[in-house]
Amino acid sequence: MKKIQTGFLVSYDYEKLKKSIPPVYNDSDEIFLALDRENRTWTGTKFEINDDFFAWIDAFDVDKKITIYRDDFYIPELSPIDNDTRERTLLGEKMGIGNWIVQIDADEIFLDFAKFVETLRTYDHFLDQPEKNKVQFSGFLINIYKYLDNGLLYVNDATKFMVATNYPNYKRARNTKERVIYVPHYALHETLSRTEEELVFKISNWGHKDEINSEFFTKWKSANETNYGQLKDLFYLDPKIWKSLGYFPSEDLNQIKGFIKDNPNLKKSKLWIFKKNFGQWFKHLIK
């Protein structure tokens, strides 16, 4: 018990796992890959996985940490977001209550997972009676909006993401609606950084497919390194959540870490995190 159990959902964008698994491999005790037994998305659409992917897993997994967990993750009577939540719950239960249950999506690349684990370990007392002391941890995503020829566009504000919990009673996707502990750890999020064809497929099959705003695609297709400063309100659901874009003149992860460190819009301050954590502590204290 008290292991670092890291889980991923395997779907049509499985190739992205070749970028998201390596940064967490060394500091995870076990890694679980949840895959629908009939290769269905949350809308029931079938997808195929090339055998080369499983060959890559076998070759990469030198410490034999990776378990492929197959189950029925598509229920026709449920909405896409409810299928999303259900799969994450089943995966969390498979990973084992009494451990740190970390869930990272295929399109999320942790920038310093070892430091995140180091922080998580300071809260190990929450694993003693997790059903009585439910908590979840939020890091922050640097959302990549679009890859360009000589760099990438990113959303000029880091957004929270629920990345770990001691008790996987998920209410909506990865959110348990329990007390949140914010930690200053970051991941790149490749949610939109795909070809147009790949992005259309993703939006047609993910949990938010019925919520996409009508102007999203027009702005995404037009964005480039010369006009990004003029584009506003860019989020695919409520547009105002992503107010503006920035530009990194590189795709190198080490250089991007430096850009984030020097950008006050992306790096959350100690004071901001303290206030948020105090608010969460007080809110759940009086419940």
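Me: What makes E4 and E8 count as paired strands?

Reply: In this predicted model, two bridges join E4 to E8, and the two strands run antiparallel. Pairing requires at least two bridges, so E4 and E8 meet the criterion. Within E8, Ala164 is the bridge partner of Val102.

Me: How do you know that E6 and E8 pair, and in which sense?

Reply: E6 and E8 are joined over six bridges, in the antiparallel sense. The requirement is at least two bridges, and therefore E6 and E8 count as a pair.

Me: Why is E8 described as enclosed by the rest of the structure?

Reply: Six of the seven residues of E8 are buried, so the strand is largely enclosed by the rest of the structure. Buried here means under 20% relative accessible area.

Me: Which contacts does Val102 make beyond its neighbours in sequence?

Reply: With neighbours within four places in sequence left aside, Val102 is in contact with Ile4, Gln5, Thr6, Gly7, Met95, Phe113, Phe116, Leu120, Val163 and Ala164.

Me: To what set does Val102 belong, and which residues have the most contacts inside it?

Reply: Val102 belongs to the largest nonpolar core, which has 36 residues. The residues with the most contacts inside this core are Ile21, Val102, Phe110, Phe113 and Phe116. Helix H5 (113–121) contributes the largest share of the core, four residues. Apart from this core lies another, of 18 residues, including Tyr154, Met162, Phe248 and Ile273. In soluble globular proteins, nonpolar side chains tend to be buried together.

Me: What makes the space lined by Ile101, Gln103 and other residues a cavity rather than a pocket?

Reply: A cavity is a set of points where a 1.4 Å probe fits but cannot get out, whereas a pocket is an open set. A search of the whole structure finds one cavity of 30 Å³ or more. The largest cavity has a volume of about 40 Å³. Its lining consists of Ile101, Gln103, Gln136, Met162, Val163, Ala164, Thr165, Tyr170 and Arg174. Strand E4 (100–103) and strand E8 (159–165) are the elements that give two or more residues to this lining. E8 gives the most, with four residues.

Me: How is the lining of the largest cavity divided by class?

Reply: The lining of the largest cavity has five nonpolar, three polar and one charged residues. Arg174 is in this lining, and Arg counts as charged.

Me: Which residues line the second largest pocket, and what is its volume?

Reply: The second largest pocket has a volume of about 250 Å³. Leu111, Asp112, Lys115, Pro184, His185, Tyr186, Lys257, Ile260, Lys261 and Lys267 line it. At least two lining residues come from each of E9 and helix H8 (253–261). By class, the lining of this pocket holds four nonpolar, one polar and five charged residues.

Me: Why is strand E9 described as mostly covered?

Reply: Nine of the eleven residues of strand E9 (residues 179–189) are buried. For each of these nine, the relative accessible area is under 20%.

Me: How do you know with which strands E9 pairs, and in what sense?

Reply: Strand E5 (residues 108–110) pairs with E9 in the antiparallel sense over three bridges, and Ile109 stands opposite Leu188. E6 and E9 pair in the parallel sense over eight bridges, with Phe140 opposite Tyr186.

Me: Why is Lys132 classed as it is for accessibility?

Reply: Lys132 has a relative accessible area of 60%, and the cut-off for exposed is over 50%; therefore Lys132 is exposed. The residue is found in the loop between helix H5 and strand E6 (135–148).

Me: What makes Trp281 partly exposed?

Reply: The relative accessible area of Trp281 is 38%. Buried means under 20% and exposed over 50%, so Trp281 falls in between. Trp281 is found in helix H9 (residues 270–285). The C-alpha atoms of Trp281 and Pro249, 32 residues apart along the chain, are separated by 40 Å.

Me: What is noted about the phi angles of Lys2 and Lys177?

Reply: Neither is a glycine, yet phi is positive in both: about 60 degrees for Lys2 and about 65 degrees for Lys177. Lys2 is placed in the segment before strand E1 (4–10), and Lys177 lies in the loop between E8 and E9. Lys2, at 32% relative accessible area, is partly exposed, and Lys177, at 48%, also counts as partly exposed.

Definitions and conventions:
Residues numbered from 1 in each chain as written. Predicted model: local features only at pLDDT ≥ 70, side-chain atom pairs only at ≥ 80, totals over all residues. Heavy atoms only, no water. Buried < 20%, exposed > 50% of the residue type's maximum accessible area, 1.4 Å probe, protein only. Core = buried A, V, L, I, M, F, W, Y, C linked by side-chain atoms within 4.5 Å. Contact = heavy atoms within 4.5 Å. 1 Å grid on protein atoms, 1.4 Å probe; cavity = no way out; pocket = protein on both sides within 12 Å on 5 of 7 lines; lining within 4 Å. Points joined across faces, edges and corners; volume = space filled by probe spheres on them.
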